[in-house]
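Here is a note on the model, written as numbered points. Please read each point with the structure open beside it.

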Amino acid sequence: MTIKAIAVDPKNPQQFIALELPQPEVGENDLLVEIKAVSINPVDTKVHKGAVKNGLEAPKVLGWDASGVVKAVGKSASGFSIGDEVWYAGDITRSGSNASEQLIDYRIVAKKPTSLNWAEAAAMPLTALTAWEGLFEHLHIQDADADKTLLIVGGAGGVGSLAIPFAAQRSKVKVIATASRPESAAWCIERGADLTVNYQDLVGELAKHDIKQVDYIFCLNDTDGHWEAIGKLIAPLGKICTIVENSKPLDQNQLKLKSASLHWEFMFTRSMYTTPDIGEQGKILQQVADLVDAGKVKTTLTDTLTGLSVASIQAAHDKVLDGHMQGKVVVAF
């Protein structure tokens, strides 16, 4: 038996190609999932860019967000049965979700929210995990008092669109989100932000609201470009978390003087290194599913393309590369 997949073409890495691949063999910790929808994230475009730059020896299937139906269960994969509807963010070290079927470690999988369709569900896992881990495992905003302030840089993007309601639902902090356009600002407010400011002048924009410092900063866009402002705005003993790699050295002097802490969030760490707590990702996704089904968190889906094809995957990549995505784009099979 074979499966259908869309992969980066090793002969011309700028392009995608359609392939028929052997159906993968289920490992003891694996679920074999029939994919119903996938979401495209910045990581997809970054890995594709890396393939273009460095070349490939074989086709590479991208995709790290999916919803689908369990078709087979490994002998050690507990808690799941054939026919279960699931969602997950995947493992960057394995073949991706831009395929009709995929193997995934059961410990990073959860039952999908019953209130969402396939596309609505596929939009959320990777960004939900990134937002949750950043806010609650690194910044620990759930322990903050009501007089504390969180600044989310990149509020209308995929991660920000979930970080805002997570912070609003599970902490007492005042949530400030950056948004450069009126529609982006409205999107952030709708999701629970208390205030929005333009990211192009963070210090000046916050000063207009008599805010000179913030206790927590969650940077979801351009760490290099915002670093000077972050250093000025972070409060003494404050905490910073960023998900965006830097391309030049980051001056730590302001952080040292303020005894501020810097945390990196990379959603794939647990699956890459099979950390002892790898199962936390499945638990987080189940908590998010419960929040969604309780009506406390909405899907971030804003655009749906149809069909597993070269054209649909390329179009989704183009939308992400445009840099003005509000929410998420999904390809539904």
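Predicted model: local features only at pLDDT ≥ 70, side-chain atom pairs only at ≥ 80, totals over all residues.

1. In which sense do strand S9 (residues 149–153) and S12 pair, and over how many bridges? They pair in the parallel sense, over four bridges. Strands and helices here are DSSP runs numbered from the N terminus (helices H or I, at least four residues; strands E, at least two). Two strands count as paired if DSSP finds at least two bridges between them.

2. Residues are numbered from 1 along each chain as its sequence is written, and side-chain values use heavy atoms, with hydrogens and water left out.

3. Strand S12 (residues 214–219) also pairs with strand S13 (residues 234–242), in the parallel sense over five bridges. Cysteine 219 can be followed across both pairings: its bridge partner is valine 153 on one side of the account, and threonine 242 in S13 on the other. Six of the six residues of S12 are buried, so the strand is largely enclosed by the rest of the structure. Buried means under 20% relative accessible area, exposed over 50%, and partly exposed in between (1.4 Å probe, protein chains only).

4. An open sheet of three strands has the order S2-S1-S4, with antiparallel pairing. Strand S2 (16–22) and strand S4 (60–61) stand at the edges with a single partner strand each, so one side of each has no neighbour in the sheet. Helix H11 (residues 310–321) packs on this sheet and touches S1 and S2; its direction makes about 125 degrees with that of S2. Such angles run from 0 to 180 degrees between N-to-C directions, and axes are lines fitted to C-alpha atoms, for helices over the stretch in contact. Strand S1 (residues 2–8) is joined to S4 by two bridges, and valine 8 stands opposite lysine 60 in S4.

5. Which residues of helix H4 (residues 160–170) are buried? They are Gly160, Ser161, Leu162, Ala163, Ile164, Pro165, Phe166 and Ala167. With eight of its eleven residues buried, H4 is largely enclosed by the rest of the structure. The buried residues pack against several elements, including H3, S9, S12 and H10.

6. Serine 161 of H4 is buried, with a relative accessible area of 1%. Its side chain makes a polar contact with the side chain of tryptophan 187 (2.7 Å), and reaches the backbone oxygen of alanine 156 at 3.1 Å. A polar contact is a pair of N or O atoms within 3.5 Å; within protein, one must be able to donate a hydrogen and the other to accept it, and residues adjacent in sequence count only if both atoms are side-chain atoms.

7. Helix H3 (residues 125–138) and helix H10 (residues 280–293) have axes that come within 10 Å and cross at roughly 100 degrees. That makes H3 roughly perpendicular to H10, a label for angles of 65 to 115 degrees. Among the residues making the contact are Trp132 of H3 and Leu285 of H10; contact means heavy atoms within 4.5 Å.

8. Threonine 130 is found in H3 and counts as buried at 5% relative accessibility. Leaving out residues up to four places away in sequence, threonine 130 touches Val159, Phe218, Ile243, Glu265 and Met267.

Note on methods: Parallel < 35°, antiparallel > 145°, perpendicular 65-115°, else oblique.
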